[in-house]
Amino acid sequence: RQSFDGSRLKITETVYRGTLRQYGKTADSTTTVDLPAGLAEQITAWLDKQNITDPAAFLFANSEGGFLGKDNYLTRVLYPVRKALNLPKLNFQVLRRTFSTLAQHHGTVKDVQRQMRHTTPDMTAGVYMQPIDQSVQNMVSEMYRKLLTPRTETVQ
């Protein structure tokens, strides 16, 4: 379930193997996550369009008002996208790894850790963030440039 304040989403429950739980996998699983302004506007418009005013309601409910089934969403939404883009795999894990990998150049590991709701930065950096070849090449080139640039100040 959600609690949306217009810019942040508070995650208060999780679904595991088809069962709604009042807790998450870790203590950091149920927390508040920041949303970009554009997404917050889209969620606000969605809530208005669906006439959702109950803060205890699911943001994206099934036809009975309950939670969406993961397998149903994978089959109806993500698998057709995977096929259309000719991707070898597309699921929630792939989306989370992609987010973490791309986010590593737009904040610190701690920033990404918080948004991903991981308990430790080791999980974020060691498992989710993947190296980007062009980024590695840019770093090596920049270090080479710095090492060959003469220092103008004196060391005391």
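**Close-up 1. Cover over the buried residues of helix α3.** In this predicted model, what covers the buried residues of α3 includes α4 and α5 (121–128). The buried residues in question are Ser 100, Thr 101 and Ala 103, and α3 itself runs over residues 92–103.

**Close-up 2. Gln 113 and its surroundings.** Gln 113 belongs to helix α4, which covers residues 109–116. Because its relative accessible area is 7%, and buried means under 20%, Gln 113 is classed as buried. Its side chain makes a polar contact, at 3.2 Å, with the side chain of Lys 110. When neighbours within four places in sequence are left aside, the residues in contact with Gln 113 are His 118, Thr 119, Thr 120, Pro 121 and Thr 124.

Close-up 3. Val 136, Met 139, Val 140, Met 143, Tyr 144, Leu 147 and Leu 148 together make a nonpolar surface patch of about 730 Å². One of these residues, Val 140, is found in helix α6, which comprises residues 133–148. Val 140 has a relative accessibility of 42% and therefore counts as partly exposed, since this class lies between the limits of 20% for buried and 50% for exposed.

Key. Residues are numbered from 1 along each chain as its sequence is written. This is a predicted model: local features need pLDDT of at least 70, side-chain atom pairs count only at pLDDT 80 or more; totals for chains, interfaces and linings use all residues. Side-chain values use heavy atoms; hydrogens and water are left out. Helices (H or I, at least four residues) and strands (E, at least two) are DSSP runs, numbered from the N terminus. Buried means under 20% relative accessible area, exposed over 50%, partly exposed in between (1.4 Å probe, protein chains only). A polar contact is a pair of N or O atoms within 3.5 Å; within protein, one must be able to donate a hydrogen and the other to accept it, and residues adjacent in sequence count only if both atoms are side-chain atoms. Contact means heavy atoms within 4.5 Å. Patches are made of residues with over 30% relative accessible area and no salt bridge: like charges are joined within 9 Å, nonpolar side chains (Val, Leu, Ile, Met, Phe, Trp, Tyr) within 5 Å. Accessible areas come from the Shrake-Rupley method with a 1.4 Å probe; for residues, only the protein chains shown count as cover. A salt bridge is a side-chain nitrogen of Lys or Arg within 4 Å of a carboxyl oxygen of Asp or Glu. The expected span of a helix is 1.5 Å times one less than its number of residues.
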